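Trainee: Could we go through this one together? I'd like to know where the labels come from.

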Amino acid sequence: MRVVILGGGRIGRFIARDLAGRGHDVAVIEREPGRCEELVAEHGVLVIEGDGCDVEYLEQARTTDSVFVATTHEDEDNLVACQLALAATKARRAISRVNVPENVEMFELLDIEAVSSTRLISELIEEGAASTETGLARLTTLRGGRTELVSVRVPRDEAVRPGRALDRLKLPHGAIVVAVLRDELTLVPDADTTIEPGDEVLVLTEPALAERLAGRLTGRDA
């Protein structure tokens, strides 16, 4: 299957690595030169440096008859790129990350399959998965059980140091933090995100790494 991914950030890289590892033909369109170099070095996929809202770069990525996946932080860019992929280059399907849940209906009206992480997270939390003593709750499995979405509740006690930078926690390789729930906020993490007592951290991980991951986030395995 041919898959073209718009965006070489954390989500785009994860999808590219996963699909390429399963034998699919993957291309990534990314604006930032540094990210392009990382993608080529780490994953060996075809990388097009350019703007996915420009038909020229969609054509270079051979979007025709592909599954097009938009993963950027900008809903407007994702929407325009998906429309162009479907109408101008005849992509087979368009799937988009939607950062603002209220925009989901607009995407779906244009035959774009919308994925709102905020809405998904809310639905999973409402299903109710009881946390264990470790603060770990296994929410759902993906890829036939090879990947899990887990929740880790960071305790509110003196043993947990506040303001721990996410990029310094040395989480297990293969674990990707997708959101941090803090009070009424849903934070999409970046390099500056810190982990605070009381946070609930949602992570995609290999099942065997879940307990060690929970130890890192809760301070039990500092």
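Trainee: What makes Met 106, Leu 109 and Leu 110 a nonpolar patch on the surface?

Mentor: A word on the model before that: it is predicted, so local features need pLDDT of at least 70 and side-chain atom pairs count only at pLDDT 80 or more, while totals for chains, interfaces and linings use all residues. Residues are numbered from 1 along each chain as its sequence is written, and side-chain values use heavy atoms, with hydrogens and water left out. Now the patch: its members need over 30% relative accessible area and no salt bridge, and nonpolar side chains (Val, Leu, Ile, Met, Phe, Trp, Tyr) are joined within 5 Å. A salt bridge would be a side-chain nitrogen of Lys or Arg within 4 Å of a carboxyl oxygen of Asp or Glu. Met 106, Leu 109 and Leu 110 form such a patch, with about 290 Å² of accessible area together (Shrake-Rupley method, 1.4 Å probe, only the protein chains shown counting as cover for residues).

Trainee: Why is Leu 109 called exposed?

Mentor: Exposed means over 50% relative accessible area, buried means under 20%, and partly exposed is in between (1.4 Å probe, protein chains only). Leu 109 has 66% relative accessibility, so it counts as exposed. This leucine sits in helix α5, residues 104-109 (helices are DSSP runs of H or I, at least four residues; strands are runs of E, at least two; both are numbered from the N terminus).

Trainee: And why does Thr 218 count as buried?

Mentor: Its relative accessibility is 5%, so Thr 218 counts as buried. You'll find Thr 218 in helix α7, residues 210-218. Its side chain also reaches the backbone oxygen of Ala 214 at 2.7 Å.

Trainee: How do you know that strand β13 is mostly covered?

Mentor: Check residues 200-205: six of the six are buried. Both faces are covered, with Glu 200, Leu 202 and Leu 204 buried on one side and Val 201, Val 203 and Thr 205 on the other.

Trainee: What makes β8 and β13 a pair?

Mentor: Two strands pair if DSSP finds at least two bridges between them. β8 (residues 147-153) and β13 have six, so by that definition they pair, in the antiparallel sense. Leu 149 has Leu 204 as its bridge partner in β13.

Trainee: How many bridges join β10 to β13?

Mentor: Five, and β10 (residues 176-182) and β13 run antiparallel. Here Ala 179 has Leu 202 of β13 as its bridge partner.

Conventions. Patch = residues over 30% accessible without salt bridge, like charges linked within 9 Å, V, L, I, M, F, W, Y side chains within 5 Å. Polar contact = N/O pair within 3.5 Å; in protein donor to acceptor, adjacent residues only side chain to side chain.
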